[in-house]
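Colleague: I'd like to learn how to read a model like this one. Could you walk me through it, a feature at a time?

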Amino acid sequence: MNWHVGQKVVCVDNVCVEEFLTNGHVYDVHEVRWCCNDKPTLGVGIMASMPCFCTQCLRPYPSMMIGFGSTRFRPLDELDRIQEEVETEGIPIEEPAELVEA
Ligand SMILES: [Zn+2]
């Protein structure tokens, strides 16, 4: 998965972060943070009240933007493609009603 700053992404999993993210909403990627994880965390412009750091090595991140796991998002253009596959092949995906709204 290629994540980059300026990318439009859709939230598909806001479990435990419901106060910050809404499923089906489109967000702009402001920061892509690779540290200890093989999957990056994404900053989508939502600021924390305290400095953020890697939860594994505790290295501080350069801004106070909250980093959310990239697994919580799908690129907007990829989501369009998945939707088309679902419509043509009937592949079940999680919460299709939420995704259609986006
Ligand atoms: Zn780290």
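Colleague: Let's start with helix α1: which strands does it lie across, and at what angle does it run to β6?

Modeller: Some ground rules before that. This is a predicted model, so local features need pLDDT of at least 70 and side-chain atom pairs count only at pLDDT 80 or more, while totals for chains, interfaces and linings use all residues. Residues are numbered from 1 along each chain as its sequence is written. Helices (H or I, at least four residues) and strands (E, at least two) are DSSP runs, numbered from the N terminus. For angles, axes are lines fitted to C-alpha atoms, for helices over the stretch in contact, and the values run from 0 to 180 degrees between N-to-C directions. Two residues are in contact if their C-beta atoms, placed from the backbone, lie within 7 Å. Now your helix: α1 (residues 76-89) lies across β1, β2 and β6, and runs at about 85° to β6.

Colleague: How do the strands in that sheet pair, and what is their order?

Modeller: Strands of a sheet pair through backbone hydrogen bonds, either parallel or antiparallel. Two strands count as paired if DSSP finds at least two bridges between them. Here we have an open sheet of three strands in the order β2-β1-β6, with antiparallel pairing. Since β2 and β6 are at the edges with a single partner strand each, one side of each has no neighbour in the sheet. From one strand to the next, the twist averages 40°.

Colleague: Which residues does V10 face on its two sides?

Modeller: V10 has V26 as its bridge partner in β2, and R74 stands opposite V10 in β6. β1 (residues 8-11) is joined to β2 (residues 26-28) over three bridges, and three bridges also join β1 to β6 (residues 73-75).

Colleague: What makes up the largest nonpolar core?

Modeller: A nonpolar core is a set of buried Ala, Val, Leu, Ile, Met, Phe, Trp, Tyr and Cys residues joined through C-beta atoms within 7 Å. The largest has 13 residues, and V9, V10, C11, L42, V44, F68 and F73 have the most contacts inside it. β1, β4 (41-47) and β5 (65-69) each give two or more residues to this core, with the largest share, three residues, coming from β1. Beyond its neighbours within four places in sequence, F68 touches V17, L21, T41, L42 and V44.

Colleague: Is G43 buried or exposed?

Modeller: Buried means 20 or more other C-beta atoms within 10 Å of a residue's own, exposed means 12 or fewer, and partly exposed is in between, with C-beta atoms placed from the backbone. G43 counts as buried because it has 25 C-beta neighbours inside 10 Å. G43 lies in β4 and stands opposite G67 in β5. Four bridges pair β4 with β5 in the antiparallel sense.
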